[in-house]
Amino acid sequence: MAPAQKGLLGRLRRGIEKEGLRVDPKGAIVQTAHPHALGSKLTHPHITTDYSEALLEYITPVYCRPGDALSFLGDLVRFTYRQLDGKDEWLWPASMPARLDGNDSIPLADYGTSNVGTMKHVYRKGLDARYGRIMQSIAGIHYNVSLPDDIWPLLQELEGRQDESLQGYRSTRYFDLIRNFRRNSWLLLYLFGASPALDRSFLGKDGGDNRCDKLQSLGKETLYAPYATSLRMSDLGYQNKVQEQLKICFNSLSNYVGTLRHAISAEWPDYRRIGVEVDGDWRQLSANILQIENEYYSDIRPKRVARSGETPTQALEARGVEYIEVRCLDLNPFLPLGIDEPQMRFMDTFLLWCLLSESPWIPDEECDRLDDNRRLVVERGRDPELELQIGERRVPLRTRGHEIIDGLRQVAELLDAIEGDDLHVAAITAIAPRLDDPELTPSAQMLRALEAHGGEWADLMTDLAKSQGEEWRSTPMDEARASLFAQLVETSHQQQHDIEAEDHLSFAQFIADYFQRAREPRSAA
C-alpha cells in the first residue's frame, strides 16, 4: 500500500454524544424544565435532551482529531454552566442516575406542540409504560466513528471484490466490524466500565427489588457488586426481555433491516393491553415490539443520517451504512468529560482492528455465548478466576485480553506510522496494564474512592459534580464558539416555532403516515 494510500486510514472521523443529568445541590434529579437559554431541544444541533427533561445530551460535530472533539464538548459544558448561573444546578458525572424519588420523579422530555415534537414525547411515554422511567435515566457516552469515503475503493481493490457495488461492499465491511465488536466488546466493559455501584433509590422508592440479590450494601444508601465493572450494562440497567427474541447478530444489512422492520410492525400482546390512543391520550406510538427503530437496545448500531421524511432503516437500505455508533461506554466520573483522548485513541484502534480481522457470521448459539460473556464481565469482570467462552475454549479473561491487545498494538503502530506520532501505541501501553492489575480499572477506582469517602456513592458523585462544575465555570471558553452557541439558541427556538406553525396534519394522521413509510422498503440511491 503506497504511503499516500495508507494515509487514508489515519483520517478516521469521530463524534461524541455525551449524556448527563442535571441535579440539585443534594444530588437529586431536578424537576426544572430544560433551560430556555440552552436553546430548543427539538432543533438545536449540539444541545438537546435524551429521555428526560433533566437528562442533557451533547452532540459534537465530526472531527478527524480526538482532541478537537473533546475541545468542542468541553465548550458545550462551559456554555451550559454559564446559562445555569444562579440556578444552583450541577451536571451529574456518573452513568447511574442521581438520587431519585420513584418513577415519577423523572420528568419526561417535552419537545413542543409540533407533530414531530409530540411524537418524541409520546415515544418516551411508551418507554415509560413498557419499561419504566428509571432505566431511561441512565446516562452514557455514544462514540460515533466512520472511515473516510476514499478508503473503501482501496480496500475493495485490495480484497479483489470489485464485483460488488461500492455501497454494498462498504456496508458489508461495516457489518464485519460490528460482528467482531460484538465478539470482543466485553474487553471495553472491563477496561472502561465505571459503574460498579449505585444509589439504592435506583431500585424504587422502597429500595427493594428482586434484582437486589446480586448487590451488597456499602453505607446506608449505596449498593455495589464487588467485582462488577458496568452495572449500567447489566440486567439492572438497560434490559428488554421482549427484544431478546429478535436475535439480531448483525450478519447482514438486509437481515438487520428486515428484523427491525418486522419488529415495528408486529404487535406484542402486553403492549396491546397498554393501549395506544385511549380517549384522546396517546400512551405509546404503537403496540408493536418496537415503537420505532431506536427502541432496539444494542451496544453498537450501524447508522446513516436520514433525510427528511425517511426512517432510519430506509436510510440504511437506500444508501448503506455511513458510520457506527458505539453505545456501551460508561461515563468515567473521574474524567471531567467522562472520556479522554487516550480512551478515544484506544477505541479507534479497537474498531479498526475489528474491521481488519476475520469476521465470520454469528450463528444463534454463538450469539447466546457472546451475551453470556458480556453478562459475566459486567457483573464480575474483575474476579481473578473469571473465564470466558471463546469459541470452543474456556479462557481466562486476562489471557484472551492479552491476545486482543497484541493485535491492537499492530494496528496502533500502523495508525501512528500514518499520523507521524506515537499516540495510539501510547494509549494501548497506558491502558493495557489494567488487564494484569484490575485495581487500575475505573470500576476499582470507584470502589476505592467510595471507601475513602465514607461509603455513600451519591454523596461522592455530588461532591465530584460540584468540584467539576466549579472548574468548568472558572475556565474560559473559545469566544467564537460562545458566539456560535448564543446564535444557535436564538435560531433553534425560531426553527421550532416555524415547524409548529407549518403543521397542518392531525397527530393521528402524522403517525399513520410515518408508519406507512416505515413499512415500505427504500430502493438504493
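This is a predicted model: local features need pLDDT of at least 70, side-chain atom pairs count only at pLDDT 80 or more; totals for chains, interfaces and linings use all residues.
**Entry 1. Helix α3**

I looked up helix α3, which spans residues 115-131 and has 17 residues. From its first C-alpha to its last, α3 reaches 24 Å, close to the 24 Å expected at 1.5 Å a residue. I then asked which residues of α3 are buried. They are N115, G117, M119, V122, Y123, R124, G126, L127, D128, R130 and Y131. I next looked up what covers these buried residues of α3. The cover includes two strands, β2 (47-49) and β10 (281-282). It also includes the helices α4 (133-136), α9 (269-274) and α18 (507-518). Just after α3, I found G132 with a positive phi of about 90 degrees.

**Entry 2. Residue S105**

I turned to the loop between β4 (90-91) and α3, where S105 lies. Is S105 buried or exposed? Its relative accessible area is 8%, and the cut-off for buried is under 20%, so S105 is buried. Leaving aside neighbours within four places in sequence, I recorded contacts of S105 with I29, Q31 and L100. The side chain of S105 also reaches the backbone nitrogen of D101, at 2.9 Å. I checked R133 as well: S105 and R133 are 28 residues apart in sequence, and their C-alpha atoms are 8.8 Å apart in space.

**Entry 3. Helices α11 and α14**

I examined how α11 (residues 341-356) packs with α14 (residues 423-431). The angle is about 105 degrees, and the axes are 8 Å apart. Angles of 65 to 115 degrees count as roughly perpendicular, and α11 and α14 are therefore roughly perpendicular to each other. On the α11 side, I listed E341, P342, Q343, R345, F346 and T349 as making the contact. On the α14 side, I listed L423, H424, A427, I428 and I431. By class, this contact of α11 with α14 has 6 nonpolar, 3 polar and 2 charged residues.

**Entry 4. Helices α15 and α16**

I examined a further pair, α15 (residues 442-453) and α16 (residues 457-474). At what angle do α15 and α16 pack? I found about 95 degrees, with the axes 9 Å apart. The two helices α15 and α16 are therefore roughly perpendicular to each other. From α15, the contact is made by M446, A449, L450 and H453. From α16, W457, D459, L460, M461 and D463 take part. I noted that the residues of the contact of α15 with α16 divide into 6 nonpolar, 1 polar and 2 charged.

Terms used:
Residues are numbered from 1 along each chain as its sequence is written. Side-chain values use heavy atoms; hydrogens and water are left out. Axes are lines fitted to C-alpha atoms, for helices over the stretch in contact, and angles run from 0 to 180 degrees between N-to-C directions. Helices (H or I, at least four residues) and strands (E, at least two) are DSSP runs, numbered from the N terminus. Angles under 35 degrees count as roughly parallel, over 145 as roughly antiparallel, 65 to 115 as roughly perpendicular and the rest as oblique. Contact means heavy atoms within 4.5 Å. Ala, Val, Leu, Ile, Met, Phe, Trp, Tyr, Cys and Pro count as nonpolar, Asp, Glu, Lys and Arg as charged, and the others, Gly among them, as polar. The expected span of a helix is 1.5 Å times one less than its number of residues. Buried means under 20% relative accessible area, exposed over 50%, partly exposed in between (1.4 Å probe, protein chains only). A polar contact is a pair of N or O atoms within 3.5 Å; within protein, one must be able to donate a hydrogen and the other to accept it, and residues adjacent in sequence count only if both atoms are side-chain atoms.
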